[in-house]
Amino acid sequence: MSRFFAPTIRLLRNAALASLLLGGTAAQAIDQDDLLPVDEAFALSAEATTRDAVEVRFAIAEGYYLYRHRTAVEVLEGGFKANPLQLPDGQKHTDEFFGEVETYRDSLVATLTGAAADDTTTLRLRVKYQGCADLGICYPPQAREVTVALPPAPAGDASAALAPVAGLLSGGRSSGLLSTSTAGGDAGLTATGSAGLPLPDTEAYRLEAVTDGPDRIVVRFTIAPGYYLYRDKTTFAAQSERGAVVRPGEWPAARTHSDEYFGEQAVYYDEVLVPIEVVRTQSGADMLRLTVGFMGCQENGVCYPPLKRELAIELADSPANADSPSAEGASSDTASSGANRASGGIGLFAALGLALLGGLILNLMPCVLPILSLKALGLAGSGESAEKARSHALWYTAGVVLSFAALGGIALALREAGLALGWGFQLQQPAVVGGLALLMFAVGLSLSGVFNLGGGLANVGGALTQKSGPAGDFFTGVLAVVVAAPCTAPFMGAALAYAFAASPIVAIGVFVALGLGLALPFLAIGFVPGLAQRLPKPGAWMDTLKQVLAFPMYLTAVWLVWVLAKQRGADAVGWVLGGAVLLALGLWAWEQARFKSATMRAFAIGIAALGVVALWPVQQLPSAREAAAGADATTSAPSQPAADGSVPYSAEGLAALRAEGRVVFVNMTADWCVSCKANERAVLSTDAFAAAREGANAVYMKGDWTDVDAAITAYLQQYGAVGVPFYAVYPAGGGEPEILPNLLTTGIVESALTKAAAK
């Protein structure tokens, strides 16, 4: 993707720095002499130090590193009851593929302890590992078999101990076949059958595209001998002057490649032709810029990082075909197993309709409802003319629509810049969460009568209930969007997936439809006098109601502080609570100094500003996930199920469960996602869900996206999802998962688990 976007405010810069995108860096051409064969980069040896302990050693070349979580040893032959592998602490490393991990450089000594049978003289071990070069290339997962001689048992024969290291045999996707030499002393390691150094990616994979009629193009991949291309990692994105979008047609038959970690994969060798349908929304000639994303590997060698190529294609003059059956579900960024599934194959008008409906339902969310109620009652009690009522409604709508469009535009721009961000991305930033908590607290204080800043933009509380001007109406719309953004109402998921896959103009149209849906009730009150007349008559009760509705604002602030605690721990809570006290003191002091000197008012503003400054330390604190990882760094035991029966999500864990033939229910959630928590309370924490899991022999796997997590973001991108909640049920017999809707019911979940167990 292009790298032109540079955030202009510090908050967006923090979001950009904290987000790691799978495939955010294109592979660079590599000289033939730059990359070592895998067995030179990671020289493996093994020695039994006692009959009950074997040391597995790696000599790691300079400029290379091994992953801690990818290192494992298992006993294949020999009487040896092994304990979990003992690995030293590694260096903390933020990895674009695996997120927060530990790595080793220079050397690694892992110890396998256990109990050897008395008659055991040798052990055959399988050593699994994976590493990368600082050049930007990662080797595929490796497996080697090692035969290790044990010292004689105390009561055994007196023959000399055999040489401790025997030969290595390749297993899985290795870079070469290693044989052993045992001519006295230590065994030597000799590499044979090496795959050779990798070609530059531009030579390994050549791409070109040609037109095949006015509404069809064909992309040809020419793949160098000894290399292959993943089908399900290939995506096509389009931008054009006239808004054309694309959709891949039927792929040709692929070969099946068995991957030790990721299961059965469809791959192509030599050459593959992919037909692409072009959906034109306008007639006339057009220039299409096609971006192709793909991944591939050298057979028995390294795998390239995600790659991208851009192709320019001139489209001849042709009428629009957006209403044709083949156009349904087309998008500007379509993966064969990604965005189309997430968006349900919907078209533009369906996406706009679902967005409008989703925005309308957002009005029922706990944070939005008080704001809408106060504004509606304020309008009803104002006694103003119909023209004034329409003006209030239009300014409120402008605030809602422009805020939705701006939020969507920022998310689209950051994704275009190469950042893996989805809907609700701003709430992954602790400073934003803390700022919203202080804002909700200030709104509550205003509604409670602690302060009143008068008319205009700053009058948050008064703008909700009184005859505020256009600025107050507009700001109320902005506030409604701010508190509604974490919620994903039913029907919004498919519309958002379509928006993030479409051209920028179409995407902004979807966000505008979301805003119109949110503003629709207030528009109706402003433009339909009969609706306003049905509202209660104004009176003293309205001031009481305003004070009562301050408490949902306080509860919203409490919820946001709870989310912050999940992200940055108790220290962050302390900073924000201290900031809230200073903010309240400053606002109270402002009210007391209203008719006094300007110096006192400036002093009050300074105190309130100190409360906001407390957000700076919050952003700098380590994440709660990092703190937990540090506490658990000394143990290598597998994660235990949580109280709800779930296990933490990991790509390798999911692959292992699928290889075992287990049904897996994946729940991608976040603490700031209101819809996620509603589904978990109503469905996923019930006895019925537990019984359905048990009946299907299913594993419940949960991914927490409360904070930035590159691994979860990569998973969501794989299926074209733009945020959470996201639910997938993987069948026992393999194959594609069933993607569930954002709004769950017990019946939907039970049906999906039953079908998955039967496959």
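1. The structure is a predicted model, in which local features need pLDDT of at least 70, side-chain atom pairs count only at pLDDT 80 or more, and totals for chains, interfaces and linings use all residues. Residues are numbered from 1 along each chain as its sequence is written, and side-chain values use heavy atoms, with hydrogens and water left out.

2. Four strands form an open sheet in the order 15-16-22-19, with antiparallel pairing; strands are DSSP runs of E, at least two residues long, and helices are runs of H or I, at least four, both numbered from the N terminus, while pairing requires at least two DSSP bridges between two strands. Strand 15 (205–211) and strand 19 (245–248) are the edges, each having a single partner strand, so one side of each lacks a neighbour in the sheet.

3. Strand 19 is joined to strand 22 (residues 271–279) by four bridges, the two running antiparallel, and V246 has V278 in strand 22 as its bridge partner.

4. The whole structure holds 21 salt bridges, each defined as a side-chain nitrogen of Lys or Arg within 4 Å of a carboxyl oxygen of Asp or Glu. One joins R309 and D201 at 3.0 Å, N to O, linking strand 25 (residues 307–315) to helix 3 (residues 201–204) across 108 residues. Both R309, at 15% relative accessible area, and D201, at 6%, are buried (under 20%; exposed is over 50%, partly exposed in between, with a 1.4 Å probe and protein chains only).

5. E102 and K92 meet in a salt bridge of 3.7 Å, N to O; here E102 is buried at 11% relative accessibility, whereas K92 is exposed at 56%.
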